[in-house]
Amino acid sequence: MPDQAADQPANRFERRRARTRHALITAAQRILAEQGTSEVSIQQIAERADVGFGSFYNHFQTKAELFEAAVVDALEEYGKLIDSITGDLDDPAEVFAVSVRLTFRLADTHPELTRVLRYGGLPYIHADFGLGPRALRDIEKGNASGRFQVDSPLVALSAVGGSLLGLLQLKSSAKSEQSGPGADEEMAELILRMLGLTPEEAHEVARRPLPVARPDRS
């Protein structure tokens with residue numbers, strides 16, 4: 001789960017700092033994914049990252065700051081992944097359907113990432129980074145095109161975000177056998193109907209073939 005700037009650090013010292021920060025964030029993400037909690041010591045985090053204890057304080061003042069950075073990084077990575085797959089789609093309804101279906105399937109293909117989102121994503125639904133602004137953008141595009149019928153895009157975003165996180169929770173729960181084949185399409189259809197599509201339109205859009213990300217997309 002990368003935490004890298006668009007431009008690589010210019011000198012050896014900055015590159016080493018970037019590697020250490022990345023190692024700490026990756027360790028925090030793995031701890032969240034495996035344990036579902038940030039209740040670990042800084043020493044344990046440093047050991048997991050394979051960096052010196054003192055290096056932690058060169059990058060973060062507290063554990064809370066580190067774990068927030070870990071969730072932010074995961075959200076941004078997930079948002080970019082969804083953008084790479086939906087970037088060529090013109091229909092906002094199809095963008096939403098694909099995003100929902102991939103969220104469900106990423107629990108299998110990217111389990112560590114989805115566990116981080118499940119444990120830490122709720123407070124960031126309305127953040128200015130990650131999934132929130134992307135979903136809000138697509139809701140507003142859908143409204144502008146007449147595809148969606150939403151009075152308050154922010155309220156719709158809350159409903160969509162909560163639905164997706166709930167879907168991830170279901171996928172990982174003891175009741176996961178009840179979310180078998182077709183559950184991703186069913187959830188996409190429900191969300192599209194909530195956003196204003198007719199039942200017939202929602203059913204058709206939710207079952208379109210999934211697009212594939214281009215290898216050269218960032």
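Among the contacts in the chain that have a separation of 6 or more, 69% are made by residues 24 or more positions apart. The model is a predicted one, and the secondary structure of the chain consists of nine helices and zero strands, so that from the N terminus on the elements read α-α-α-α-α-α-α-α-α. The mean pLDDT of the chain is 83, with 86% of its residues at 70 or more; confidence is highest in helix 9 (residues 199-205), where the mean is 97, and lowest in helix 5 (residues 111-120), where the mean is 71.

Of the 218 residues in the chain, 43% are buried, while the accessible surface amounts to about 11,600 Å², with carbon and sulfur atoms contributing 51% of that area. The largest nonpolar core holds 64 residues, and the members that touch the most others are Leu 24, Leu 66, Phe 96, Phe 148, Ile 191, Leu 192 and Leu 195. Beyond its neighbours within four places in sequence, Phe 96 is in contact with Phe 148, Ile 191, Leu 192 and Leu 195, and also with Ala 135, Asp 138, Ile 139 and Val 160.

The lining of the largest cavity comprises 27 residues, of which Tyr 78, Leu 131, Gly 132, Ala 135 and Leu 164 are the closest to its centre. Two or more lining residues are supplied by each of helix 3 (63-86), helix 4 (92-109), helix 6 (131-145) and helix 7 (153-172).

Note on methods: Residues are numbered from 1 along each chain as its sequence is written. This is a predicted model: local features need pLDDT of at least 70, side-chain atom pairs count only at pLDDT 80 or more; totals for chains, interfaces and linings use all residues. Side-chain values use heavy atoms; hydrogens and water are left out. A nonpolar core is a set of buried Ala, Val, Leu, Ile, Met, Phe, Trp, Tyr and Cys residues joined through side-chain atoms within 4.5 Å. Buried means under 20% relative accessible area, exposed over 50%, partly exposed in between (1.4 Å probe, protein chains only). Contact means heavy atoms within 4.5 Å. pLDDT is the predictor's confidence in each residue, from 0 to 100. Helices (H or I, at least four residues) and strands (E, at least two) are DSSP runs, numbered from the N terminus. Accessible areas come from the Shrake-Rupley method with a 1.4 Å probe; for residues, only the protein chains shown count as cover. On a 1 Å grid over the protein atoms alone, a cavity is a set of points where a 1.4 Å probe fits but cannot get out, and a pocket is an open set with protein on both sides within 12 Å along at least five of seven lines; lining residues have an atom within 4 Å of a point.
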